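This report describes strand pairing and overall composition in a single protein chain. The sequence and structure are shown first.

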Amino acid sequence: MTDPATSESVSTVACCGDVPGCAGPDTPRRSLLVQALTGFLSILLVAIPSTLGGLFFLDPILRKKKSGGGGGGGTGVSRKDEQGFIRLDVTRDVIPADGTPVSVTVFDDIEDAWNRFRNVPVGSIWLRKVGDGPILAFNSVCPHLGCSVNYRRAENDFFCPCHTSAFSLDGAKSNEVPPRDMDALEVAMRTAGQDDAAGNEIWVKFLNFRRATAEKTPI
Ligand code: FES
């Protein structure tokens with residue numbers, strides 16, 4: 001014989017197992033599980049973008065720390081010292097002693113908030129020496145309006161073809177077109193990176209200057 005009370009109880013348990021939303025003893029446990037899962041997913045949804053965003057903004061600082069404050073990072077070795085002198089690829093012994101100028105490309109590191117590029121061409125200079133005299137360096141940008149100053153072998157001078165500015169080989173302007181002399185640059189002679197007047201390494205403090213002004217103003 002079937003006990004009606006037992007039969008009703010079995011029927012209720014079966015119903016709660018199969019019908020969604022049916023109230024019964026499993027419902028609170030399942031609900032807790034869903035809430036925990038939802039909470040966890042919500043935390044992940046907030047934490048992941050926040051962490052990535054934080055890393056993105058901290059990246060320049062982290063990189064600087066990693067590179068020791070500006071001298072490292074990226075690939076290759078910086079050729080610039082803390083005073084701003086850049087080691088050139090040419091050495092004193094290859095500069096003609098007869099005073100003929102030599103054009104040299106200057107490489108420097110370029111850095112913005114997010115990237116650092118090693119040894120990028122940043123300009124060109126004229127170098128010359130006479131006998132055992134000092135190395136002279138001039139920025140090749142014309143102080144008139146910024147064209148490139150060339151060496152004219154026949155006239156043995158510097159000349160800018162844009163508006164005919166002319167300069168002697170010591171950088172002094174030789175006509176009235178340019179507002180000032182060519183921009184001379186500071187030079188340091190070194191051996192193995194150490195100051196040495198008789199050294200063969202040429203280091204130049206490369207700067208650009210405002211154009212079309214009589215004053216030599218670094219920019
Ligand atoms: S830019 Fe050189 S002469 Fe004008």
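## Pairing of β8 and β9

In this predicted model, Arg 190 lies opposite Asp 195 of β9. Strand β8, residues 186–191, is connected to β9 by two bridges, and the two strands run antiparallel.

## The four-stranded sheet

Strands β8 and β9 belong to an open sheet of four strands, ordered β1-β10-β8-β9, with antiparallel pairing. Its edges are β1 (85–91) and β9 (194–195); each has a single partner strand, so one side of each is left without a neighbour in the sheet.

Strands of a sheet pair through backbone hydrogen bonds, in either the parallel or the antiparallel sense.

## The three-stranded sheet

A further open sheet consists of three strands in the order β2-β3-β4, again with antiparallel pairing. Here β2 (102–111) and β4 (136–139) are the edge strands, each pairing on one side only. From one strand to the next, the twist averages 45°.

Nine bridges link β2 to strand β3, which comprises residues 116–128, in the antiparallel sense. Within this pairing, Ile 110 has Phe 117 in β3 as its bridge partner.

## The chain as a whole

The protein chain contains two helices and 10 strands. Along the sequence, the pattern is α-α-β-β-β-β-β-β-β-β-β-β.

The chain has 219 residues, of which 15% count as buried. Among contacts in the protein chain with a separation of 6 or more, 44% are between residues 24 or more positions apart.

Note on methods: Residues numbered from 1 in each chain as written. Predicted model: local features only at pLDDT ≥ 70, side-chain atom pairs only at ≥ 80, totals over all residues. Buried ≥ 20, exposed ≤ 12 C-beta atoms within 10 Å, placed from the backbone. Contact = placed C-beta atoms within 7 Å. Pairing = 2+ DSSP bridges. Axes fitted to C-alpha atoms, helices over the stretch in contact; angles between N-to-C directions.
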